[in-house]
Amino acid sequence: MSTPDNLPPGQYPLDDFPRFGLRQFAHRFPANPRQVTLTVTGDLAQPLTLADELAQLPAVEQISDFHCVTTWSRRGLRWGGVRFSDFYTQIVRPQAGPDANATFVLFRCQDGYRVALPLADLLAEDVLLASQLDGQPLPVEHGAPLRLVAPAHYGYKNPKHIRGVEFWRDARTYRPAALRFMDHPRARVAAEERGRWFPGWLLRYLYRPMISPTIRHFRRALERHNATTRDPE
Ligand SMILES: Nc1nc2c(c(=O)[nH]1)N[C@H]1C(S)=C(S)[C@@H](COP(=O)(O)O)O[C@H]1N2
Ligand SMILES: [Mo]
């Protein structure tokens, strides 16, 4: 499939990086965007509450493209953080003792958003728990204090404001934040796995008209939030 600038199928490039998401979360913000507090729960021997432990893992920087399921892409973002695979092998496995079959990984976010990915996808080299963007602390609009960066998966599998990671044997505890058809279990960009039941190319046309109104909605929500939480300049 040929697309402009060799982007994945059905994607087009944006010059900026808008705050984006499901509309119902636009007006919700992290209570404390500067302090990482992460719980690790699920089918495991020992639940954990982590704060500074993540910062002990090897720091990594990565430049990657970001692909929203609604068809916009932002190229060349410079993220900083730690690899999810290091988090899993150096903290979760030794300290929490997850069940060998607990491969359904569910992320819960401070704004109420939640999303899941298979553990195998999260162990890929380019999946980060990111706390920096462009060498600066992650801004609130892009997921402070901690977000997942999974470049091979659509934006909706890149949860912002993460507060908990859960490792389960099955999907029983999961209720997707979006409508079920919008939540593909893997959502790989290269395979155009935009959603369930409908082919990816069809969903392009359903989603595209939502881009501009959603960007505006999220921008206005952030402006209102900033007006009430910061001193006027
Ligand atoms: N907590 C949370 N994470 C989220 C969302 C959200 O609404 N809340 N939206 C997802 C979607 S659909 C996209 S495209 C990206 C947008 O990330 P950005 O706001 O940094 O551009 O965040 C994803 N992660
Ligand atoms: Mo998205």
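Leaving aside residues up to four places away in sequence, H217 touches R23, A26 and H27, where contact means heavy atoms within 4.5 Å. All of this comes from a predicted model, in which local features need pLDDT of at least 70 and side-chain atom pairs count only at pLDDT 80 or more, while totals for chains, interfaces and linings use all residues. Side-chain values use heavy atoms, with hydrogens and water left out; residues are numbered from 1 along each chain as its sequence is written, and chains are lettered from A and ligands numbered from 1 in the order in which they are written.

H217 sits in helix α4; helices here are DSSP runs of H or I with at least four residues, strands are runs of E with at least two, and both are numbered from the N terminus. With a relative accessible area of 17%, H217 counts as buried. The cut-offs are under 20% relative accessible area for buried, over 50% for exposed and in between for partly exposed, using a 1.4 Å probe and protein chains only.

As for length, α4 runs over residues 211-229, and at 1.5 Å a residue its 19 residues should span 27 Å. The expected span is 1.5 Å times one less than the number of residues. The end C-alpha atoms of α4 are 27 Å apart, so the helix agrees with that expectation.

In α3, the buried residues are G200, L203, R204 and Y207. These cover an arc of only 120° around the axis, which puts them on the same side of α3. Among the elements that cover the buried residues of α3 is α4.

Over at ligand 1, there are 22 residues around the molecule, of which P18, D111, H142, R147 and K160 come nearest; a residue counts as near if one of its heavy atoms lies within 4 Å. A backbone N or O atom of F20 is 2.9 Å from an oxygen atom of ligand 1, and a polar backbone atom of L22 is 3.4 Å from an oxygen atom of the ligand. For N158, a backbone N or O atom lies 3.1 Å from a nitrogen atom of ligand 1. On its own, ligand 1 has 530 Å² of accessible area, and the protein covers 98% of that. Accessible areas come from the Shrake-Rupley method with a 1.4 Å probe, and for residues only the protein chains shown count as cover.

The peptide bond from A144 to P145 is cis, with omega near 0°, and P145 lies in the loop between β9 (136-137) and β10 (147-149). In the loop between β11 (162-168) and α3, A187 has a positive phi of about 60° although it is not a glycine. A187 is buried, at 0% relative accessibility. E192, also in the loop between β11 and α3, has a positive phi of about 50° and is not a glycine either. At 11% relative accessibility, E192 counts as buried.

Note on methods:
Polar contact = N/O pair within 3.5 Å; in protein donor to acceptor, adjacent residues only side chain to side chain. Arc of directions from axis to C-beta.
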